[in-house]
Amino acid sequence: MPSLAPALLVCLAAPAFFVAQVPWLGWLLMAAGVGTAWIIERSAVTASGSSLTRDLSLIALGMLIVSSIPLAAELDDLAMLRFTLALGGAVVIPYVISRFVYRDRAISFPWRTRKRWGRLQWGWLVAVLVLGWLILPFYFITSGVYQNWPVVDSPDLVARLFVGVGAVGIWDELFFICTVFALLRRHFPDAAANVLQAIVFVSFLWELGYREWGPALTIPFALLQGYIFLRTHSLAYVVTVHLLFDAVVFAVLVHAHNPGLLPVFLV
């Protein structure tokens, strides 16, 4: 599968940007990936056909926009505005180019399906809460990564943290699943596309603050979110899963910075 190489190069730009934090390496990897894709398919690209070059360029564009700001969690007005513009642009701009310039519908946001959630889906929502309650306090507190988020010691800061954690969680699904994963699935088997999107997803979460042994949690989570989307085709469901997870993250961060305020955790 020769076309896998350029896609891998583009996705490896994510750890260059968000983990190693070497921007020039990220730019080089993205240019190499998009350029290699163009060389491979230059004779097959048509105005209306599916093009790996175009789709990788949209992924690269989104990552470039995200990488233009520091992702350290901050709660002041300027930081929240910066996050809104950059993360929003990383979703909106590739969508607009795909829909109105390339004239395709590769990127979509299928909020609801006609199928009702079954027992397995409802059960997984409960499991997310239970697993989060058991695992996340141990991870955040014993590793010390809760310190990657600002101290929240006032009602205003607690409210800002709640909004920020939830908003970023929703954005994760809009970008990593509905944009990156959707574009990659046009060219690769679902399993390969899922692994590639997970590289980008987990790298972003690393700079956001999920460090130390955080990838042991974020890698399975990213892969599961891709798999769940494949099974449900429902953005509403994967967002619900993510928001439940993030609700526990929020509670743990408040608990970690204010011991005794939320005495519901084992750690």
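Let's start where two helices touch: Glu 173, Ile 177, Cys 178, Phe 181 and Arg 185 in α6 meet Gln 225, Gly 226, Phe 229 and Leu 230 in α8. Contact here means heavy atoms within 4.5 Å. Sorted by class, this contact of α6 with α8 has five nonpolar, two polar and two charged residues. Ala, Val, Leu, Ile, Met, Phe, Trp, Tyr, Cys and Pro count as nonpolar, Asp, Glu, Lys and Arg as charged, and the others, Gly among them, as polar.

Before going on, please keep in mind that this is a predicted model, in which local features need pLDDT of at least 70 and side-chain atom pairs count only at pLDDT 80 or more, while totals for chains, interfaces and linings use all residues. Residues are numbered from 1 along each chain as its sequence is written, and side-chain values use heavy atoms, with hydrogens and water left out. The helices are DSSP runs (H or I, at least four residues; strands are E, at least two), numbered from the N terminus.

How do α6 and α8 pack? Two packed helices are described by the angle between their axes and the distance between the axes. Helix α6 covers residues 155-185 and helix α8 residues 215-232; their axes come within 11 Å and cross at roughly 70°. Axes are lines fitted to C-alpha atoms, for helices over the stretch in contact, with angles running from 0 to 180 degrees between N-to-C directions. The two helices are therefore roughly perpendicular to each other, a label for angles of 65 to 115 degrees (under 35 is roughly parallel, over 145 roughly antiparallel, the rest oblique).

Now for the aromatic rings. The structure holds 20 aromatic pairs. Rings of Phe, Tyr and Trp (its six-membered ring) pair if their centres lie within 6.5 Å; planes under 30 degrees apart count as stacked, over 60 as edge-to-face and the rest as tilted. Tyr 139 and Trp 213 form an edge-to-face pair, at 4.9 Å centre to centre and 75° between the planes. Tyr 139 belongs to helix α5 (residues 119-143) and Trp 213 to the loop between α7 (190-208) and α8, so the pair ties together parts that are 74 residues apart in sequence. Tyr 139 is buried at 1% relative accessible area, while Trp 213 is partly exposed at 34%. Buried means under 20% relative accessible area, exposed over 50%, and partly exposed in between (1.4 Å probe, protein chains only).

For Trp 171 and Phe 175, ring centres 5.1 Å apart and planes at 10° make the pair stacked. Both lie in helix α6, four residues apart, about one turn of the helix, and both are buried. They also belong to a cluster linked by ring pairs, which includes Phe 17, Phe 201 and Phe 245.

Next, look at His 257 in helix α9 (residues 235-257). His 257 is buried, with 16% relative accessible area. Leaving aside residues up to four places away in sequence, His 257 touches Tyr 146, Trp 149, Pro 150, Val 151 and Val 152. The C-alpha atoms of His 257 and Val 152 are separated by 6.6 Å, although these residues are 105 apart along the chain.

Finally, visit two loops. Gln 21, in the loop between α1 (4-18) and α2 (23-41), has a phi near 55°, a positive value in a residue other than glycine. Gln 21 is partly exposed, at 44%. Glu 212, in the loop between α7 and α8, also has a positive phi, near 55°, and is exposed at 55%.
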